[in-house]
Amino acid sequence: MTAYDLSRYLNVRSAYGSSFAPDGTLAFLMNTTGVAQLWSLAEPRGWPEQQTFYDDTVSFVDYSPERQELVFGMDEGGNERAQLYRLDADGRVHELTGMPDAKHRWGGWSPDGERFAFASNRRDEAVFDIYVQDRDATGDDAELIWKGDGWFSVGGFSPDGERLLVSEAHSSFDQDIYVLDIDSEDLSHLTPHEGKVRYTSASWGPDGDAVYLVTDAESDTLELARLSVDGDLDIVRSDDQWNIDGVALDKDSGRLAYSRNVDGYNELTVGELTGPTTIETFPTPDLPGGLAGGVSWGPDAERFAVSVTGRTVNTNVFVVEAETGESEQWTAASTAGIPRETFIEPEVVRFDSFDGREIPALFSLPADAAGTAAADSDTPVIVDIHGGPESQRRPSFSGLTQYFLSRGYAVFEPNVRGSTGYGKAYTHLDDVEKRLDSVKDLRAGVDWLHDHPAVDPGRVVAMGGSYGGFMVLAALTEYPDLWAAGVDVVGIANFVTFLENTGDWRRELREAEYGSLDTDREFLESISPINNVDRIDAPLFVLHGANDPRVPVGEAEQIAEQAAEQGVPVEKLVFDDEGHGISKRENRIEAYTAVVEFLDEHV
């Protein structure tokens, strides 16, 4: 039995999402109060000052390039209809949008700090338009400069402040890049292409004659590339095996940082453009944890802030000197008094699936099983399945995972086919009619677990959130004999009702992955767990947020009701003030205390 209870593990703090002010003050998000709020620091490991005091989560922060003021975003109760606010140096908050029925996606400050840009679906819920607004104006004064017909977002102002970088997403694996002239409202398409091609993480180059981004236009993996405003694409850095995840470029200095995804861990490279496609590389940053992201360049780009995490390292903000790679931890988000040396690092493993394909996974054994002969085969296992599916389970810190390990559970986290991080071809192996092939990967993973000497084959739990919740339900219906219990968090039970009721702004993108209601309805019905609920044998816990705009709460209600009618032991817990996931600490403690009690009873 662990020496620390669940609430201690869920009280481990995180600090992340930083932004530098012109005077070097660092703003960041930290969840000390139970939800992420805005804090600031004037020096490393100084006493942080809390700047916002809301019950809802602050989603981002971005300092003006010229003033001691910043913009932050926040929705209401997890409904994802984010509004924008300006925080002045004197602590006063000004509402910038004030349209709570619409989503607002931040697009950055103009170089002089007088204006900002954003995308919003305030005109039509299903599409996103592009707006520019004066820094001291209100939502009614925003200028609509481009009427969109899809999922548009803004990537920032050009160095001269006259153009915007605009991205359009057709699906998670297919985007286009445009340049929008603010005065003329002319939109130039830079990336006409056939098929699905990713163009992501785009940033303006120093002269405004090109953007730098990552793309798989010419490779199975994502490459760092330069895209001229004339549409010419030149590869700058590439890797035949691993993706270059993203790039953060300071358009004034030409300094940049990009990350390479190696089996879920990342390697950060820092340098400076010495030519259109040449980079002078600086020493590798000295950072712990194995995962670093969210780079924010400081004044003059002499240093940058970055969020650092790892399975044994809770998330904190470090500041790195660009030319030397020397780093210093600025924030001091605590581990709630739990010794860091008790946290357990996963092992990267691989197992063969039904078609001979090798599937990667993270596998963690509890301390009493990892260091012994463990021939008793008495360790229960939680198979923790990521959402997306266009995502990847990476070894970031998770207090809940560490708690389960401290309680004697092993944790198995597969990156089944369809996951990102392993090349373009791998991500498409679960598209539409191949959907259940990823569930077959789960079965192969459990077979691998059965062969492990420490694992009790009779005590294997399926747990997952969002799309991972669908995977849990599909695993319970497709392979009912494998599971001792299932935990479905904001999961999809019925693809038809999910697509019918999800937010209008995201339906087209989801149909690109799962199939269309018009042409694939019969197939979507056939793979929906709700239509095979009579096959579920294992006890089921269903957890959801009432305000979920992605997977509406009706998905939880129907699977819980119909499974109970079949005689399955079911527990359902819905939070009225949560959306797509359980984010508030008090709710997480209540929710996962109930999950632990459920697993104690049934597993």
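What covers the buried residues of α3? The legends below take up this question and two other views of the structure, which is a predicted model.

View 1. Helix α3, which spans residues 399–406, is mostly covered, since 7 of its 8 residues are counted as buried. The buried residues of this helix are G399, L400, T401, Q402, Y403, F404 and L405. What covers them includes the helices α1 (6–10) and α11 (585–602), together with the strands β30, β31 (379–385), β32 (410–414) and β33 (455–465). Just after α3 comes G408, which takes a positive phi of about 100°.

**View 2. The largest cavity and the residues that line it.** The structure holds 1 cavity of 30 Å³ or more, and the largest cavity has a volume of about 40 Å³. Its lining is formed by D263, G264, V348, P360, A361, L362, Q392, R393, N415 and Y422, and these residues divide into 5 nonpolar, 3 polar and 2 charged. Strand β30, residues 358–364, gives the most to this lining, with 3 residues; β30 is also among the elements that cover the buried residues of α3.

**View 3. An open sheet of 4 strands.** The strands of this sheet follow the order β1-β2-β3-β4, and their pairing is antiparallel. The edge strands are β1 (15–20) and β4 (49–50), each of which pairs on one side only. Strands of a sheet pair through backbone hydrogen bonds, in either a parallel or an antiparallel way. Here, β1 and strand β2 (residues 26–30) run antiparallel and are joined by 4 bridges, and F20 stands opposite L26 in β2.

Terms used. Residues numbered from 1 in each chain as written. Predicted model: local features only at pLDDT ≥ 70, side-chain atom pairs only at ≥ 80, totals over all residues. Heavy atoms only, no water. 1 Å grid on protein atoms, 1.4 Å probe; cavity = no way out; pocket = protein on both sides within 12 Å on 5 of 7 lines; lining within 4 Å. Points joined across faces, edges and corners; volume = space filled by probe spheres on them. Helix = DSSP H or I, 4+ residues; strand = E, 2+ residues; numbered from the N terminus. Nonpolar A, V, L, I, M, F, W, Y, C, P; charged D, E, K, R; others polar. Pairing = 2+ DSSP bridges. Buried < 20%, exposed > 50% of the residue type's maximum accessible area, 1.4 Å probe, protein only. Contact = heavy atoms within 4.5 Å.
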